[in-house]
Amino acid sequence: MRAYVIKRVFGMIPTLILISGLIFIVIQLPPGDIVTSTLDRMQSQGLEVSAEAVANLRAQYNLDQPLLIQYVRWIGGFLIGDMGYSYLFTRPVSELVWERLGYTLMITVSSLIFTWAIAIPAGIYSAVRQYSFVDYLITTIMLVGLATPSFLLALMAMYAGYELFGISIGGLFSPEYRDAPWSFAKLMDFLSHLWIPMVVLGLGGTASTMRILRANLLDELSKPYVVTARAKGVKPLKLLFKYPLRIAINPFISTIGLLMPALISGEAIVSIVLGLPTIGPALIQALIAQDMYLAGSFLMLLAVLTVLGMLLSDLLLAWADPRIRYE
Amino acid sequence: MSDVTINPAPAIAADLGTDTLQEISPRQLAWIRFKRHRLAMVSAGFLIAMYLIATFCEFISPYNTDTRNVKAINAPPMSIHFFDREGTFHLRPFVYGYHMEVNPDTWMREYSENTEEMYPIYFFETGESYEMWSLFKAKTHLFTTREGYIHVFGTDQLGRDMFTRVFYGARISMSIGVVGVMLTLFFGVLIGGIAGYMGGIVDRGVQRIIEVLLSLPTLPFWMALSAALPVEWSSLMVYFGITIILSLFGWPGLARQVRGKFLALREEDFVMAARLLGAGRLRVIFKHMMPSFTSHIITTATLAVPGMILGETALSFLGIGLRPPVVSWGVLMQQAQNYQVIVMTPWLMIPGLFVVLTVIAFNLLGDGLRDAADPYNTGGNRD
Amino acid sequence: MVDNLLEIRDLAVEFGTDIGTTYALREVSFDVPRGKVTAIVGESGSGKSVTANCIMRLIQSPGRITGGQIHFSPNDVTAYDIAALPDKDPRLLDLRGGSVSMVFQEPMTALSPVYTVGNQVAEAILCHRKVSKEEALEEAADMLRLVGIDDVGRRIHQYPFEFSGGMRQRVVIAMALVCHPQLLICDEPTTALDVTIQAEILTLIRDLQKDLNNSVLFITHDLGVVAQMADQVVVMYQGRVLEVGSVRQVLKTPVHPYTRGLLAAIPGLATKGERLATIASVVGDADLITPHPLVTLADGRQVSLPSDQLAALELANG
């Protein structure tokens with residue numbers, strides 16, 4: 001097991017290098033850079049900029065150096081926590097990132113838990129009672145959840161909050177707590193706001209997760225080892241949990257890794273609609289303003305998060321399935 | 001001797017010890033299974049209808065996308081009547097004009113039916129001229145009114161007919177799904193095939209890249225890439241740009257499946273049997289492997305379309321996908337940026353309804369195809 | 001005590017499929033005597049496995065038992081009809097793995113890959129008796145030793161994928177025997193194994209049967225195996241019983257044309273160089289589809305034949 005963990009953890013390194021290179025290329029794609037957009041802005045304000053000042057600016061952002069050097073400086077700084085300076089927010093990128101990353105994580109992890117809490121029992125039920133009324137009902141709800149764009153769900157949640165509870169939903173805190181220091185009351189306020197993005201975000205993932213679990217379980221239910229166990233006299237409920245479910249959950253665990261990117265994707269758009277102070281909305285602002293350091297750092301962090309999620313799911317899988325562990 | 005076909009039906013019959021089953025070819029069996037999937041049949045019908053509408057949207061819509069009706073700003077959908085207010089039956093359906101009042105409290109326009117104005121609906125009637133498929137000019141519309149106006153889905157804040165815009169939007173949104181999936185298929189099969197064929201270091205390299213691309217959160221990268229599309233690009237170029245971006249993160253999954261399925265098929269007993277019976281390499285691939293393979297690819301492709309449609313909708317909704325004057329469902333949804341829209345002008349959400357219906361239909365169709373294609377399937381799917 | 005552990009009468013099973021109902025079993029009747037090996041022989045799809053699954057009530061939707069009885073008399077006082085038990089009857093859980101157990105065709109997939117072998121064998125004990133986990137593991141180890149697994153102390157903590165096919169089948173046999181069932185059903189237990197290992201497993205089953213003196217219902221399509229293993233034979237075809245008798249009767253002097261066909265189709269040294277007989281070439285145009293009732297002949301065997309052929313047979317036998 002230890003050898004497997006070491007192998008997997010070190011296997012992440014080339015993946016991350018590839019990803020960082022890819023991100024660097026992506027953020028280089030838009031025509032122009034910070035300096036040209038700054039110049040545009042200054043010139044539109046009627047300011048004359050000397051060639052020397054332009055060169056200084058370029059040097060300041062390392063833009064006068066070859067791309068490879070720029071990349072190495074960027075990723076090197078990233079490793080020691082120096083992510084550059086956001087001209088859009090006029091603050092160091094790292095400050096912005098730490099501020100928002102926590103909320104992103106909290107929303108993603110809570111929707112992950114929400115997803116499982118709903119998808120696992122629903123998937124089991126609809127596989128065991130295949131073609132029953134409840135199976136159809138669950139499948140239908142899930143299908144609609146899967147088909148509804150997350151921003152539409154977010155809008156509908158806001159509408160429901162407005163109509164049913166008479167509150168306007170949005171943000172993660174009520175105005176009175178927004179700048180207050182953390183306290184129990186603020187925590188409760190936070191939790192009362194958290195559930196909307198959690199549900200909205202979780203619903204899409206719940207649908208696909210449930211479908212996967214249902215299909216896996218249906219596959220496993222017809223396997224010979226289930227019949228063997230039944231022939232052994234194992235009681236029905238124990239049989240279900242100990243035999244087919246135990247194995248159906250394995251490919252399910254490996255989809256956790258794929259659920260992470262989906263959740264982080266969804267989180268971005270849901271946060272934009274609900275106006276949450278997470279990475280998503282800031283990323284889109286940064287992209288539109290071509291704030292390269294900010295956008296690059298956000299993309300990199302999101303990618304690192306998903307790679308970590310994948311790693312976690314691989315390790316979980318190895319822990320759950322002896323066949324992988326002994327490979 | 002090498003002409004071995006895989007026929008599951010007699011196998012089933014033999015397993016159950018029966019003489020009541022007639023022999024059925026795999027294709028017939030698949031069709032029987034598909035037909036049993038009533039929802040998949042309904043979905044197929046819905047999608048065919050939608051694609052027909054999308055193809056002929058100029059003819060089916062009563063107006064052009066940018067035609068404005070200043071008498072109807074943010075007006076609700078009209079109901080179609082057969083009985084007038086005296087209760088007299090009219091064979092020719094008609095609509096009532098709008099009666100508009102400004103609510104003195106909210107300063108909002110409020111519309112009601114004006115039973116004074118009756119506008120009969122005429123079919124195959126001459127109306128606004130349009131350019132069919134940008135090829136020739138025509139004036140005949142499926143339905144329109146001779147006087148007055150008809151807004152079956154209401155109008156937006158510029159007084160444009162939502163019915164017209166929803167179906168013009170269908171053309172863009174639904175074609176992006178198909179074009180995107182075709183691109184995905186092309187790259188997926190090509191790269192997956194090359195990796196599988198070359199093997200060795202190429203295969204491992206491609207595997208690694210696929211792994212990396214699959215582990216990326218798609219939406220932020222879609223956002224980053226579409227934000228990089230130059231502003232001065234024409235709408236057509238943006239359309240293809242967005243399509244390419246959408247398929248950029250789609251092919252790795254497909255390539256991996258293609259490769260995996262190919263490797264797995266190569267080890268299947270029936271392929272081995274055909275090879276041992278002396279079937280040539282090409283015969284094995286085309287006669288024995290391709291049938292299992294194509295059904296798998298068709299299913300995967302069908303299930304990939306919804307992702308594309310949802311992706312376009314999300315990007316356009318955020319304002320970094322397609323841009324007006326292009327009309328797509330995502331562009332139309334831009335009008336619904338806050339929940340007040342649901343309260344005040346719920347008909348602006350109609351494009352969203354079509355997105356949901358189309359995505360559901362594609363999912364159901366894909367499920368039906370998958371069940372039909374797998375002769376040994378037990379009701380579950382295998383991913 | 002009733003001589004027969006199991007008496008099956010007019011058992012019928014149907015499967016509802018996409019394209020109509022299939023009659024998997026029709027009027028199947030035969031007995032399983034105590035302490036003997038009964039073999040069911042037939043080609044694929046003859047209904048032999050379905051019969052076995054019926055005895056343990058393992059038939060699941062879309063299949064269902066539509067008629068007949070399976071009288072089970074485990075001892076002097078208890079006797080019941082397995083076919084008539086409701087699905088949730090506690091006697092069913094007791095029956096499965098307790099008084100009747102089963103060895104399956106596929107040792108590679110008959111064990112769950114995620115639990116150790118010891119865990120899965122001991123579970124059979126824990127399902128039927130109130131003993132501690134340690135005691136159950138102890139007993140499981142004894143049984144594994146009995147079926148010929150070496151180094152049990154270590155092997156018991158290993159996973160099924162660390163065992164070879166033959167070893168796995170031994171584990172499955174141990175699992176089936178660990179509760180000392182009165183009836184062991186073996187559903188083609190050697191089909192998936194190498195020929196040399198087949199012989200070992202067959203010997204093991206036969207020896208264990210002699211030691212434990214339980215009844216065995218042995219399902220196979222291999223008449224050679226029947227000759228080696230069984231005391232009594234049931235010949236099945238298309239969900240019906242065609243002939244029942246002692247091994248000697250059925251293999252030496254088969255009455256039913258189909259049984260003769262089966263025997264003629266066995267390749268032998270004498271037939272070297274000749275074309276193998278097919279069932280069709282021996283049976284000719286005999287009608288195997290129309291069902292006929294099982295009739296008991298003077299020598300005690302039972303056969304299902306049209307009345308004219310039966311009359312001819314009685315005449316020939318005097």
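In which crossing, left-handed or right-handed, does H6(B) pass H9(B)? The crossing is left-handed. The model is predicted.

## Helix packing in chain B

Helix H6 of chain B spans residues 200–214, and helix H9 of chain B spans residues 251–267. Their axes come within 9 Å. They cross at roughly 135°, which means that H6(B) is oblique to H9(B).

H6(B) brings Ile210(B), Leu213(B) and Leu214(B) to the contact. H9(B) brings Pro252(B), Gly253(B), Ala255(B) and Arg256(B). Five residues of this contact are nonpolar, one is polar and one is charged.

## Where chain A touches chain B

In this interface, 43 residues of chain A are in contact with 37 residues of chain B. Helices H1 (2–28), H6 (133–147), H7 (150–165), H8 (184–221), H11 (244–274), H12 (279–289) and H13 (292–320) of chain A each give two or more residues to the side that touches chain B. H13(A) gives the most, with seven residues.

What is the make-up of the side of chain A that touches chain B, in nonpolar, polar and charged residues? There are 36 nonpolar residues, six polar and one charged.

## Strand pairing in chain C

Strand S1 of chain C (residues 4–17) runs antiparallel to strand S2 of chain C (residues 20–33). The two are joined by 10 bridges. Glu14(C) has Tyr23(C) in S2(C) as its bridge partner.

S1(C) also pairs with strand S4 of chain C (residues 63–72). These strands run antiparallel, with eight bridges between them. Here Val13(C) stands opposite Ile65(C) of S4(C).

Notes. Residues are numbered from 1 along each chain as its sequence is written. Chains are lettered from A and ligands numbered from 1 in the order in which they are written. This is a predicted model: local features need pLDDT of at least 70, side-chain atom pairs count only at pLDDT 80 or more; totals for chains, interfaces and linings use all residues. Axes are lines fitted to C-alpha atoms, for helices over the stretch in contact, and angles run from 0 to 180 degrees between N-to-C directions. Helices (H or I, at least four residues) and strands (E, at least two) are DSSP runs, numbered from the N terminus. Angles under 35 degrees count as roughly parallel, over 145 as roughly antiparallel, 65 to 115 as roughly perpendicular and the rest as oblique. A crossing is left-handed if the near helix is turned anticlockwise from the far one by less than a right angle, and right-handed if clockwise. Two residues are in contact if their C-beta atoms, placed from the backbone, lie within 7 Å. Ala, Val, Leu, Ile, Met, Phe, Trp, Tyr, Cys and Pro count as nonpolar, Asp, Glu, Lys and Arg as charged, and the others, Gly among them, as polar. Two strands pair if DSSP finds at least two bridges between them.
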